[in-house]
Amino acid sequence: MTDLRRALGDIHAIRKQVADRTEFRGYGPVAMACTALFAVISATVQPYVVSDPAHTPVRYLAIWFAAATLSLLLSSVTMYTRSRRMHSGLSDEMIRMAAQQFVPSVGAGLLMTVVLVFAIPHVVWMLPGFWQVIFSLGVFASCRSLPKTMFAPACLYLGTGVAAMAIGDTRALSPWVMGVPFALGQMMIAAVLRFDGAAEEDVDA
Amino acid sequence: MPEQEGRFAYEGLDRLIHERARLSVLTSLLTHPKGLTFVELKAMCSLTDGNLSRHLSILEQDGMVLIEKGHEKNRPQTLCRITAYGKKRYLEYLETLEQVVRDAAKIAEGSKANSRGRMRPAEA
């Protein structure tokens, strides 16, 4: 029995080792471009729905939370289907690995948002910059199994995030402080995946 | 309920891979995607020159490995790499092998439980 368990462990270890050294092809360029579009739509809609985001942070949050949820849903569905198609035997391992790299930053972002909005609402203007910095950390963490050029969008998010924080007041809640970086960043990610990712025929399985 | 037809056929157990030496070669190459030299591979798999050459040529003929002959510091060097096709077939093989082990583990668990059940009345 122990031998059989050990054999299963060995098989799992081999699969994990291969997954570690395989470029993840689950993120789709089209889906990433769509998330850029969601950012533009949200930034366009924001002034009509939230006239004073500093005093109605929950409404501001709702708009961007909706965009983030839609993006996450679309990315997850694409990730699942592409991964099944491109990594077949490694699919579950690859998805698990991608989630392990990116989910911690999403979790940290969510928790910090709750704390900022409900415990220290006078610094809610920090949210856009904070989200971009957190997102950049997620992209940096994912770089290990993505093309090396993915560092460029990660650096962009870090730079725009820090710049948004440097604004230092409620002007940071202006719609395009979120709209422009996320539209640009996501388009950049889409371009990297489209032009710099491994060719489909080179992908393992 | 009758067992699903072909449930234990294990057709994914590729004969070409299901040979100890070739399994070692492919596993070594799979975990070193940049490739391994003939000497490194020979040491990792504990094979003789002749044995390794024979297995490599079988795998190469089937398109599972790529063998590049070149020079490193003016000395001839043979670099072996697994192909995308080889990787795909190996992973399919691994999936079936995992199923075999899972089935065996299930049977072993079942027979252990049965023997425990038979022991109880005697113990009482």
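This is a predicted model: local features need pLDDT of at least 70, side-chain atom pairs count only at pLDDT 80 or more; totals for chains, interfaces and linings use all residues.
Chain A has seven helices and zero strands, while chain B comes to four helices and three strands. The two chains touch through 18 residues of chain A and 18 residues of chain B.

**Chain A: overall form**

- In sequence order, chain A reads α-α-α-α-α-α-α.
- The C-alpha trace of chain A spans about 65 × 40 × 25 Å along its principal axes.
- Chain A has 205 residues, and 40% of them count as buried.
- For contacts in chain A between residues at least 6 apart in sequence, 79% join residues at least 24 apart.

**Chain A: the surroundings of G161(A)**

- G161(A) lies in helix 6 (residues 151-167) of chain A.
- This residue, G161(A), counts as buried because it has 23 C-beta neighbours inside 10 Å, where the cut-off is 20 or more.
- Leaving aside residues up to four places away in sequence, G161(A) touches G129(A), Q132(A), V133(A) and S136(A).
- The C-alpha atoms of G161(A) and I134(A) are 8.5 Å apart in space, although the two residues are 27 residues apart in sequence.

**Chain B: overall form**

- The order of elements along chain B is α-β-α-α-β-β-α.
- Chain B is more spread out than a compact globule, because its radius of gyration is 21 Å, well over the 14 Å that the globule rule gives for 124 residues.
- Along the principal axes, the C-alpha trace of chain B spans about 80 × 35 × 25 Å.
- Buried residues account for 20% of the 124 residues in chain B.
- Of the contacts in chain B with a separation of 6 or more, 55% are between residues 24 or more positions apart.

**Chain B: the sheet**

- The three strands of chain B form an open sheet in the order 1-3-2, with antiparallel pairing.
- Strand 1 (36-37) and strand 2 of chain B are at the edges; each has a single partner strand, so one side of each is left without a neighbour in the sheet.
- Strand 1 of chain B is joined to strand 3 of chain B by two bridges, and the two strands run antiparallel.
- The bridge partners in strand 3 of chain B are L79(B) for T37(B) and C80(B) for L36(B).
- Helix 1 (residues 20-30) of chain B packs on the sheet and touches strand 1, strand 2 and strand 3 of chain B. The direction of helix 1 of chain B makes about 90° with that of strand 3 of chain B.
- Strand 2 and strand 3 of chain B pair over eight bridges, again in the antiparallel sense.
- L79(B) in strand 3 of chain B also stands opposite E68(B).

**Chain B: positive phi values**

- Most residues other than glycine have a negative phi.
- K73(B) has a positive phi near 50° and is found in the loop between strand 2 (65-72) and strand 3 (75-82) of chain B.
- The hairpin of strand 2 and strand 3 of chain B, to which K73(B) belongs, has two residues between the strands.
- K73(B) counts as exposed because it has 5 C-beta neighbours inside 10 Å, and the exposed class takes 12 or fewer.
- S46(B) likewise has a positive phi near 50°; S46(B) is in the loop between helix 2 (38-45) and helix 3 (49-61) of chain B.
- With 10 C-beta neighbours inside 10 Å, S46(B) also counts as exposed.

**The nonpolar core**

- The largest nonpolar core holds 67 residues, and A39(A), L26(B) and L29(B) touch the most other members.
- Helix 7 (residues 175-196) of chain A gives the most to this core, with nine residues.
- L26(B) touches I17(B), M64(B), I82(B), G86(B) and Y90(B), with residues up to four places away in sequence not counted.

**The contact between the chains**

- In the contact between chain A and chain B, 18 residues of chain A meet 18 residues of chain B.
- The side of chain A that touches chain B has 10 nonpolar, two polar and six charged residues.

Note on methods: Residues are numbered from 1 along each chain as its sequence is written. Chains are lettered from A and ligands numbered from 1 in the order in which they are written. Two residues are in contact if their C-beta atoms, placed from the backbone, lie within 7 Å. Ala, Val, Leu, Ile, Met, Phe, Trp, Tyr, Cys and Pro count as nonpolar, Asp, Glu, Lys and Arg as charged, and the others, Gly among them, as polar. The radius of gyration is taken over C-alpha atoms; the globule rule is 2.2 Å times the number of residues to the power 0.38. A nonpolar core is a set of buried Ala, Val, Leu, Ile, Met, Phe, Trp, Tyr and Cys residues joined through C-beta atoms within 7 Å. Two strands pair if DSSP finds at least two bridges between them. Axes are lines fitted to C-alpha atoms, for helices over the stretch in contact, and angles run from 0 to 180 degrees between N-to-C directions.
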